Amino acid sequence: MKNIAATLEAQLDNLSLCQLRGIAAVAEVHGARTYLAGGAVRDALLGLQVSDVDIAVVGMTSELPIGVAQALNGRVVARSQFNTFSLIASGRHIDLTMARCETYAHSGALPTVLPGTIRQDLARRDFTINAMAVSLSTGSFGELIDLLNCQSDLKTGMVRVLHDDSFKDDATRILRAARYAVRLGFTLEAHTEHLLRGAVSYLDTISPARLRDEFMRVLQEGRAVSILEMLQCLGALRSIHPALALSPQTSDALRRAAQSDYAEMPALFLSILTYSMTESEKANLVERLQLNSRLRQTVQSTGLARSLVQDDRSGGDVRRSEIYRRLKGLDEAAILGCALSEGDSVMAQRLMLYLNELRHITPALKGTDLLALGVPQGPEVGALLDDLLEARLDGKIETRQDEISFVRAQCNLPASKETCRTS
Ligand code: ATP
């Protein structure tokens with residue numbers, strides 16, 4: 001059996017290696033065997049940095065994760081169905097999963113799970129590239145378990161399912177296939193692609209939460225736009241939702257978004273993806289993906305941003321303070337998504353003016369400064385601050401001294417009453 005201990009030592013840092021050995025030692029005390037499995041093995045063999053560690057445990061007990069957490073000075077942070085435990089130790093995320101065999105009662109159903117061998121655990125996985133494991137046990141540390149010649153797909157760059165019903169059993173694998181293919185620069189193996197195309201309608205069988213999670217993982221990828229384009233080519237995008245379609249303009253806007261350094265890329269992508277949708281299509285999508293309130297807000301605000309700057313009630317140029325007033329407080333991702341979707345139009349210019357400049361403008365004077373100037377306490381202070389902001393936004397005043405003169409003129413205050421700094 002091939003031993004890849006040297007590869008693991010090259011791709012994992014010392015802390016991870018220590019943790020893996022520590023986990024194996026605790027498992028042995030509990031009579032269990034541990035294997036590094038899935039993406040970590042794939043990435044190690046590809047010479048990529050291994051970040052997440054997934055460990056399959058044959059002979060999982062309920063005490064074992066607690067014992068591991070204690071040995072690593074960490075803690076169990078989550079326990080999910082199918083005996084999967086998430087641990088955090090020394091800042092590292094570790095998943096301990098019971099090795100299992102699965103059967104599906106019907107398409108899209110959660111699998112029926114029983115404890116299994118490592119062979120059974122590998123056979124239930126999505127693609128050959130994810131179906132290898134490495135023993136962590138003392139005495140066999142580093143032994144590669146590759147029952148399906150998965151290394152050959154890794155070498156030739158193929159994403160291949162393990163059996164013909166794979167996408168029908170669990171259609172989230174459709175999104176996963178595109179994600180791995182684009183991320184790793186791999187090709188969908190011809191028969192796998194055929195099966196995938198024939199199974200896109202099975203995306204309907206997936207629960208909103210699972211579909212959302214896989215869709216968000218797509219949007220979080222570095223090459224999310226290419227994955228979306230691939231999903232569209234495969235006919236999968238419209239099976240997620242009929243209104244999800246990438247026109248050339250949408251693709252362009254998504255690419256411009258991807259090049260920006262915006263912090264919440266999934267929200268920005270969603271804004272662009274929903275930009276041309278009708279209100280009811282957007283509501284359906286929000287429902288289908290059970291989006292959280294943050295993303296709901298982005299989707300709902302996207303159309304609002306457009307209509308707010310489109311509606312030119314003044315008949316000519318819209319004043320800068322008017323643009324500010326209309327967009328103030330609106331979701332940032334929605335405004336940016338709207339601007340990127342609008343290309344070089346006047347609307348886009350207004351939106352970018354708001355994002356880049358107007359929303360950062362504030363008067364130099366504060367309420368206390370106005371009182372010091374002699375403005376009487378009361379609602380007039382707030383109204384004057386609003387007037388100051390408006391005058392600043394419209395470029396009518398530029399300096400603190402301008403603001404002081406503005407306040408004096410507005411309130412008929414004598415010049416001698418000024419007590420605040422005038423620089
Ligand atoms: P990434 O590299 O994006 O972090 P990963 O390859 O580690 O992803 P995860 O989604 O973290 O994948 O899942 C861990 C492993 O569990 C996968 O490598 C795969 O073997 C298996 N797996 C995950 N989802 C499925 C699924 N829907 N069907 C079958 N196996 C799956």
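Student: Which exposed residues sit on the face of α9 turned away from its buried side?
Tutor: That face carries Ala190, His194 and Gly198. Keep in mind that this is a predicted model.

Student: OK, and which residues of α9 are buried?
Tutor: In α9, which runs over residues 190-199, the buried ones are Thr192, Leu195, Leu196 and Ala199.

Student: Why do they end up on the same side of α9?
Tutor: They cover an arc of only 100 degrees around the axis, so they share one side of α9. As a general point, an α-helix has 3.6 residues a turn, so residues three or four places apart point the same way.

Student: What covers those buried residues of α9?
Tutor: The cover includes β10 (158-159), α7 (166-169), α8 (172-184) and β11 (187-188).

Student: Switching topic: how many strands form the open sheet, and in what order?
Tutor: There are 7 strands, in the order β3-β4-β5-β2-β1-β8-β9, and the pairing is mixed. The edge strands are β3 (75-80) and β9 (144-145), and each of those pairs on one side only.

Student: What does helix α2 touch when it packs on the sheet?
Tutor: Helix α2 (residues 14-29) touches β1 (33-37), β2 (53-58), β4 and β5. The direction of α2 makes about 30 degrees with that of β5.

Student: Is β1 mostly covered or uncovered?
Tutor: Mostly covered, as 4 of the 5 residues in β1 are buried.

Student: How does β1 pair with β2 and with β8?
Tutor: With β2, the pairing is antiparallel over 4 bridges, and Tyr35 has Ala56 as its bridge partner there. With β8 (residues 133-135), the pairing is antiparallel over 3 bridges, and Ala37 stands opposite Ala133.

Student: What about β4 and β5, in which sense do they pair?
Tutor: Strands β4 (residues 84-89) and β5 (residues 92-98) are antiparallel too, over 6 bridges. Ser86 stands opposite Asp95 in β5.

Student: New one: where is Ser271, and is it buried or exposed?
Tutor: Ser271 is in helix α14 (residues 265-273). Ser271 is buried, with a relative accessible area of 0%.

Student: Which residues is Ser271 in contact with, leaving aside neighbours within four places in sequence?
Tutor: Ser271 is in contact with Thr298, Thr302, Ala333, Ala334, Gly337 and Cys338.

Definitions and conventions:
Residues are numbered from 1 along each chain as its sequence is written. This is a predicted model: local features need pLDDT of at least 70, side-chain atom pairs count only at pLDDT 80 or more; totals for chains, interfaces and linings use all residues. Side-chain values use heavy atoms; hydrogens and water are left out. Two strands pair if DSSP finds at least two bridges between them. Helices (H or I, at least four residues) and strands (E, at least two) are DSSP runs, numbered from the N terminus. Contact means heavy atoms within 4.5 Å. Axes are lines fitted to C-alpha atoms, for helices over the stretch in contact, and angles run from 0 to 180 degrees between N-to-C directions. Buried means under 20% relative accessible area, exposed over 50%, partly exposed in between (1.4 Å probe, protein chains only). The arc is that of the directions from the helix axis to the C-beta atoms.
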